[in-house]
Amino acid sequence: MSPFLIRAVHLRHTNSLALSHFQQATLCYRQACYVEAIQHYLAGLKLDAAQHHYIYADLAKAYEMVGEWDTALACLDIALRLCPDSPTALRRKARILDEKACYDSLISLDDLRQPPPQAFSKRLNFDATIRSQQRVNSEIFSLTCHSAMRSQTLWNICQLIHRTYAELGEILGYYPLRSVPISIKNTNGTAVSKRSLPQWASGCYDGSIHLGYCAAGDPVLGILYALLRHEWVHLLVYHLTNGQCPVWINEGLAQSIARPMFQFERFNLQQAGEKKQLLPIDALNKPFSQISTKYRNLAYIQSAASVDYLVQQSGYSRIRDLLHQLSNGIPIDPAIKQTFGLTLKDIPFLNIS
């Protein structure tokens, strides 16, 4: 066989292997195994000399999902060098810059650079049967980490839990009477069907707080902090209302307090309003797990925007009054009327038919 034919056969084989990696990366991404997806994208790019811009754009999206903002932006810069007018790459770059700024603003890294005291290491409990499991117990919380973390990261997480306890307790006027069980798990490489968390969320509250993240190493603290705040609000609302809070208020309050709304979320909300595609109140009163994935993000931002409006009108003191009314079994319509002097139709972004 001539050298030319040998090179042609090798090229076809190499391209076939690269395509196989890209296809596997897509499958891993759909299964929320983002680290594995990244590994396949990188392996495919080493084999494929063509360097298609859309592969770098997809790789950036996988890096986005594990909170590696700078690497994601670097991939998008490559994609835009290969195809400067790529709408997908431009849109993703704007979104990631927005997300990075939001999550970076949630925590002060200066507060998280102090090394853990020696006493902290002595408080750590390790499960002898599960090598990577670490536990921290305090009067406020009992934390179980099901994935190995550096002691510095674990200490930082404990500091963020204390901050959440204090700040959200002041906002909503309630502090848990018992130590709150919190579990954290790296879902990297875990099949979706085997996860303890529901497929549609990275956190849940069911009497305990469960948080999931996907990363090759330690979690991104800004993201984990937002998840913690979201689920802690659910915990407080459950106790404040005896479990009688409408879903849209519960989810809206959790989303609003957890983190600022992204610019692209505001744009999507505005577009839905202009196109008369806002979800009806009946849909927002059902568990968001029952809403199709296509509309679930809209449900969160629609509810958050509605709660934001109420907070802007009268502050959190009235929100606390509203939750108190709900705890007494007063239906939401008269409770809103008594607390804010409004009807549900007066609240923007609530689609009342």
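Two strands pair if DSSP finds at least two bridges between them. Helices (H or I, at least four residues) and strands (E, at least two) are DSSP runs, numbered from the N terminus.

This is a predicted model: local features need pLDDT of at least 70, side-chain atom pairs count only at pLDDT 80 or more, and totals for chains, interfaces and linings use all residues. Residues are numbered from 1 along each chain as its sequence is written, and side-chain values use heavy atoms, with hydrogens and water left out.

**Exercise 1. The chain as a whole**

How many helices and strands does the protein chain have, and what percentage of its 353 residues count as buried?

Solution. Start with the secondary structure: it comes to 14 helices and six strands. Next, burial. Buried means under 20% relative accessible area, exposed over 50%, partly exposed in between (1.4 Å probe, protein chains only). By that cut-off, 47% of the 353 residues are buried. Then take the contacts, meaning heavy atoms within 4.5 Å. Among contacts with a separation of 6 or more, 65% join residues 24 or more positions apart.

**Exercise 2. Strand E4 and its partners**

Which strands pair with E4, and in which sense, parallel or antiparallel?

Solution. Take E3 (residues 141–145) as one partner. E3 and E4 are parallel and share five bridges. Ser 142 lies opposite Pro 181 of E4. Now trace the connection. From E3 the chain passes through helix H7 (residues 151–172) and reaches E4, a left-handed β-α-β crossover. For the convention, point the strands away from the viewer: a clockwise path from the first strand over the helix to the second is right-handed.

Turn to E6 (residues 209–213). E4 and E6 also run parallel, joined by five bridges. Ile 182 has Ile 209 as its bridge partner in E6. Asn 186 faces Tyr 213 of E6.

E4 spans residues 180–186, and five of its seven residues are buried, so the strand is largely enclosed by the rest of the structure.

**Exercise 3. The E5–E6 hairpin**

How many residues lie between E5 and E6 in their hairpin, and which turn residue has a positive phi?

Solution. E5 (residues 203–205) runs antiparallel to E6, with three bridges. Cys 204 is bridged to His 210 in E6. Next, the turn. Three residues separate the strands, and Gly 207 has a positive phi of about 105°. Last, the setting of E6. Four of its five residues are buried, so E6 is largely enclosed by the rest of the structure.

**Exercise 4. Helix packing**

Classify the pairs H7–H8, H7–H13 and H9–H13 as roughly parallel, roughly antiparallel, roughly perpendicular or oblique.

Solution. Set the rules. Axes are lines fitted to C-alpha atoms, for helices over the stretch in contact, and angles run from 0 to 180 degrees between N-to-C directions. Under 35 degrees counts as roughly parallel, over 145 as roughly antiparallel, 65 to 115 as roughly perpendicular, the rest as oblique.

- H7 and H8: the axes lie 10 Å apart at about 40°. The helices are therefore oblique. Their crossing is right-handed. Contacts involve residues including Leu 160, Thr 164 and Leu 168 in H7, and Leu 224, Leu 228 and Trp 232 among those in H8.
- H7 and H13: the axes lie 8 Å apart at about 75°. This pair is therefore roughly perpendicular. Glu 170, Ile 171 and Leu 172 of H7 contact Tyr 316, Ile 319, Arg 320 and Leu 323 of H13.
- H9 (residues 247–258) and H13 (residues 316–327): the axes come within 13 Å and cross at roughly 150°. This pair is therefore roughly antiparallel. Ile 249, Leu 253, Ser 256 and Ile 257 of H9 touch Tyr 316, Ile 319, Leu 322 and Leu 323 of H13.

Note on methods
A crossing is left-handed if the near helix is turned anticlockwise from the far one by less than a right angle, and right-handed if clockwise.
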